[in-house]
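Trainee: Hi! Could you walk me through this protein while I look at it?
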Amino acid sequence: KGERVMQKWQKKTVIATAVALFLGIFILRSGVNLLYMNHIPADSKPMPAVMHIAMGTNDDKQNAGWFNGYNWNTYEKHDFMPEPAAKEAKEHLLEFAEECVNDPAMAIDFYSRKLGAQWEAPMYQCYVMNIYQILLYGGVFVYLLAGRKKEQQIEHYVLLIGVFGGFLFSAMWEAKARYVFPYLMMMISYAAAGITVCVSWISNRIRNRREQ
């Protein structure tokens, strides 16, 4: 009976989490539209997402893949028409992909600098605490390491799956450290669990030494 109650509770938790995520996205999007709806011309067309991805492959600034105006300049060059602007962006991406295939060392160097500039920035362009980032990443690592031999249900890793997806997205999109800040928030509970594992392990070691 207790197991059935727990299963029902887990299902309700998953449903509640999914609803909360959906409402969060919906409310955020609706809020942005409400703020800007009176400032957007009726004949305007949204910029194709591929243009941001193309900009994420630039290496002409201090940090690889960061904003360099490529999306706006290319869109303006094509009189703000999505189709020809997207076509040029796709051609740019094909050229970059070919360059990566022909020169793997360049690709490794580029993406190591791009991802490092985003995921190794303690401030995240808005958050100042270096030691906090170290504890966060370390805690998540310990949590995953401690649970590697345990059979866990998929909902226990929902947020971490989102973080991994965000990591892949950050490798593709325009680079910016503050873009990955939401994923830091998603890792906090896992980091806390990992730090708890560390504290328990240290406490047990100390207790065992005292008993010897």
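Mentor: Happy to, and we can go from the overall fold to a few single residues. Keep in mind that this is a predicted model.

Trainee: Great. How many helices and strands does the protein have?
Mentor: There are eight helices and zero strands. Read along the sequence, the pattern is α-α-α-α-α-α-α-α.

Trainee: And is the protein spread out or compact?
Mentor: The protein is more spread out than a compact globule, because its radius of gyration is 22 Å, well over the 17 Å that the globule rule gives for 212 residues. Its C-alpha trace spans about 75 × 45 × 30 Å along the principal axes.

Trainee: What share of the residues is buried?
Mentor: Buried residues make up 29% of the 212 residues.

Trainee: Let's switch to charges. Which residues gather in a patch of negative charge on the surface?
Mentor: That patch brings together Glu91, Glu95, Glu98, Glu99 and Asp103.

Trainee: Where is Glu98 placed?
Mentor: Glu98 sits in helix H4, which covers residues 82-102.

Trainee: Why does Glu98 count as exposed?
Mentor: Its relative accessibility is 52%, and exposed means over 50%.

Trainee: New topic: what about Asn73, which helix is it in?
Mentor: Asn73 belongs to helix H3, residues 70-77. With a relative accessible area of 48%, Asn73 is partly exposed.

Trainee: How far apart are Asn73 and Lys176?
Mentor: They are 103 residues apart in sequence. In space, Asn73 and Lys176 are 19 Å apart, C-alpha to C-alpha.

Methods. Residues are numbered from 1 along each chain as its sequence is written. This is a predicted model: local features need pLDDT of at least 70, side-chain atom pairs count only at pLDDT 80 or more; totals for chains, interfaces and linings use all residues. Side-chain values use heavy atoms; hydrogens and water are left out. Patches are made of residues with over 30% relative accessible area and no salt bridge: like charges are joined within 9 Å, nonpolar side chains (Val, Leu, Ile, Met, Phe, Trp, Tyr) within 5 Å. Accessible areas come from the Shrake-Rupley method with a 1.4 Å probe; for residues, only the protein chains shown count as cover. A salt bridge is a side-chain nitrogen of Lys or Arg within 4 Å of a carboxyl oxygen of Asp or Glu. Lys and Arg count as positive and Asp and Glu as negative; His and the chain ends are not counted. The place of a charge is taken as NZ of Lys, CZ of Arg, CG of Asp or CD of Glu. Helices (H or I, at least four residues) and strands (E, at least two) are DSSP runs, numbered from the N terminus. Buried means under 20% relative accessible area, exposed over 50%, partly exposed in between (1.4 Å probe, protein chains only). The radius of gyration is taken over C-alpha atoms; the globule rule is 2.2 Å times the number of residues to the power 0.38.
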